[in-house]
There are 2 protein chains.
Amino acid sequence: MRISELSEQTGVPVATIKYYLREGLLPEGDKRTPRLTEYDERHVRRLGLLRILRDVGDVPVDGLKRLVAASETRGSVHDLFAVAADALAPTPPAAGPGRPETRAMADAIIQQAGWDRVREDSVDRDNLAATLELVGAFETHPRDPAEIAPYVAMADQLARHEIANLDGRKDRLGLLEEMVVGQVVFATVLTTLRRLAEEHHSHERFAEDQRD
Amino acid sequence: MRISELSEQTGVPVATIKYYLREGLLPEGDKRTPRLTEYDERHVRRLGLLRILRDVGDVPVDGLKRLVAASETRGSVHDLFAVAADALAPTPPAAGPGRPETRAMADAIIQQAGWDRVREDSVDRDNLAATLELVGAFETHPRDPAEIAPYVAMADQLARHEIANLDGRKDRLGLLEEMVVGQVVFATVLTTLRRLAEEHHSHERFAEDQRD
DNA sequence: CCTCCTAGATAGTGATACTGTCCACGTAGA
DNA sequence: TCTACGTGGACAGTATCACTATCTAGGAGG
């Protein structure tokens, strides 16, 4: 199919498709002649994936690039997922490294959770530390691990559920795609659901409360 | 304290403080003379809050404005929370209204969850619908509610936990602040923890898997 | 043959969140 | 009293991001 058809089928403007091609987010099509390139279903699918990650997950274009690079990772599917996790993780909120004790607390949380398969240099260790650091600067005490425990338990449940639910028949890249889409979509959905649930549950405690 | 001192104490540049004052995110200080304004602890605190919401929660300045406006809401604490939830909710990903059946599915999910205290016009109903719509356009089938059920249960747990843990001694605005910070901080933390947990749990199933 | 589309290069746009400059003035320390 | 530095206020400038538009030359297809 031609670029205009690809655009029609996906709803993505031609200019944007060209941009994604330039950025290497879409593989080049089959160049029949210097003036005519043929695109196929793989492009349609990839474009759909890119739009979901951008529109639903707010993944920056730079993250998409890292994801594309990650998809070339050799090794086990587990290795592939680990590299993809780094690609999806935002770059740590604060530039600075933060106090080492905050990083230690992040590591302690991960160890407490029993997640001993997490790489020592996972980006998310820094992310967790950076978040604790920023929050700690506001609330004087760096929010002790006990407060985080329920969230650790939830994350563990969530991850088990999602890993278990991956379609075992897919190939390497199919699994990656499913994992990545699941991660960003359900992160968004969960955040929205949580706000809805909070609105509901605040009723019992605060509907009558006119305080102040 | 003077503006330079406020800046030092919070680490926020003077120019940024001026910007926040212009935007109405910070209340004006006590204008002793036309050339000298006195700021106090309330400004320090507010600035800390704003920075957390921006740096950790990625709340846009516009959302912060909505939040400030929301904090003036009359009525019960429950009403206050509801308006704040709308302020924190991102404006729906897609501009268009989407198919009505998607909106119906969003409403059905909320009803199934038993969250009957959620306002009919909550922004998050639209957000949920918009997300379902976008995902549905990619994966042909609009992901049936059963797949979402576990997330509904999690969100419910999360919300109960958070509402129950609010410090009951605080005043109206203190409660709002705690609720809002908790919401954005734990949303971020949970997302990070989930990626970490997924990396760990993928080991058991995929460490040996070289597929493809 | 003529019109439309394409690839590829490059430049421009709009939104967001600051950041920098300028000025006249006033405050505080010497 | 003198003076250097800090201030409020207005406004312009900047950086980044994610596109979007324009232009050129040329080939495809009726």
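Predicted model: local features only at pLDDT ≥ 70, side-chain atom pairs only at ≥ 80, totals over all residues.
Residues are numbered from 1 along each chain as its sequence is written, and chains are lettered from A and ligands numbered from 1 in the order in which they are written.

The relation between the two protein chains was examined by least-squares superposition on the C-alpha atoms of residues with pLDDT of at least 70 in both copies. A rotation of 180°, with 0.0 Å of shift along its axis, places chain A on chain B with an RMSD of 0.1 Å. This is the relation of a two-fold axis, and the C-alpha of chain A nearest to that axis belongs to A:Met154, at 3.7 Å. Both copies use the same surface, in that 100% of the contact residues of chain A recur in chain B, where two residues are in contact if their C-beta atoms, placed from the backbone, lie within 7 Å.

By this criterion, the contact between the chains takes 68 residues from chain A and 68 residues from chain B. On the side of chain A that touches chain B, two or more residues are given by each of helix H3 (41–55), H5, helix H7 (123–138), helix H8 (145–165) and helix H9 (172–206) of chain A; here helices (H or I, at least four residues) and strands (E, at least two) are DSSP runs, numbered from the N terminus. H9(A) provides the largest share of this side, 22 residues. The residues of the side of chain A that touches chain B comprise 36 nonpolar, 15 polar and 17 charged, with Ala, Val, Leu, Ile, Met, Phe, Trp, Tyr, Cys and Pro counted as nonpolar, Asp, Glu, Lys and Arg as charged, and the others, Gly among them, as polar.

A:Phe81, in helix H5 of chain A, is buried, having 26 other C-beta atoms within 10 Å; a residue is termed buried if 20 or more other C-beta atoms lie within 10 Å of its own, exposed if 12 or fewer, and partly exposed in between, with C-beta atoms placed from the backbone. Its C-alpha is separated by 6.8 Å from that of A:Leu176, although A:Phe81 and A:Leu176 are 95 residues apart along the chain. When residues up to four places away in sequence are not counted, A:Phe81 touches A:Met179 together with B:Glu199, B:Ser202 and B:Phe206. B:Phe206, which is found in helix H9 (residues 172–206) of chain B, is likewise buried, with 22 other C-beta atoms within 10 Å. With neighbours within four places in sequence left aside, B:Phe206 is in contact with A:Ser76, A:Val77, A:His78 and A:Phe81.

Within chain A, the axes of H4(A) and helix H5 (residues 77–88) come within 8 Å and cross at roughly 170°, axes being lines fitted to C-alpha atoms, for helices over the stretch in contact, and angles running from 0 to 180 degrees between N-to-C directions. H4(A) and H5(A) are therefore roughly antiparallel to each other, the term applying to angles over 145 degrees. The contact is formed by A:Gly63, A:Arg66, A:Leu67 and A:Ala70 of H4(A) and by A:Val83, A:Ala84, A:Ala87 and A:Leu88 of H5(A), and its residues divide into 6 nonpolar, 1 polar and 1 charged.

DNA strand C is surrounded by 18 residues, of which A:Arg2, A:Thr37, B:Thr33, B:Pro60 and B:Val61 are the closest; a residue is near a strand if its C-beta atom, placed from the backbone, lies within 6 Å of it. At least two residues of this surface come from each of helix H1 (3–10) and strand S2 (36–38) of chain A and helix H2 (14–23) and helix H4 (61–70) of chain B, and H2(B) gives the most, with 3 residues. The surface near DNA strand C contains 8 nonpolar, 4 polar and 6 charged residues.

Around DNA strand D there are 19 residues, among which A:Pro60, A:Val61, B:Arg2, B:Ser4 and B:Thr37 come nearest. Here helix H2 (14–22) and helix H4 (61–70) of chain A, and helix H1 (3–10) and strand S2 (36–38) of chain B, each supply at least two residues, and the largest share, 3 residues, comes from H2(A). The surface near DNA strand D has 9 nonpolar, 4 polar and 6 charged residues.

Conventions: Parallel < 35°, antiparallel > 145°, perpendicular 65-115°, else oblique.
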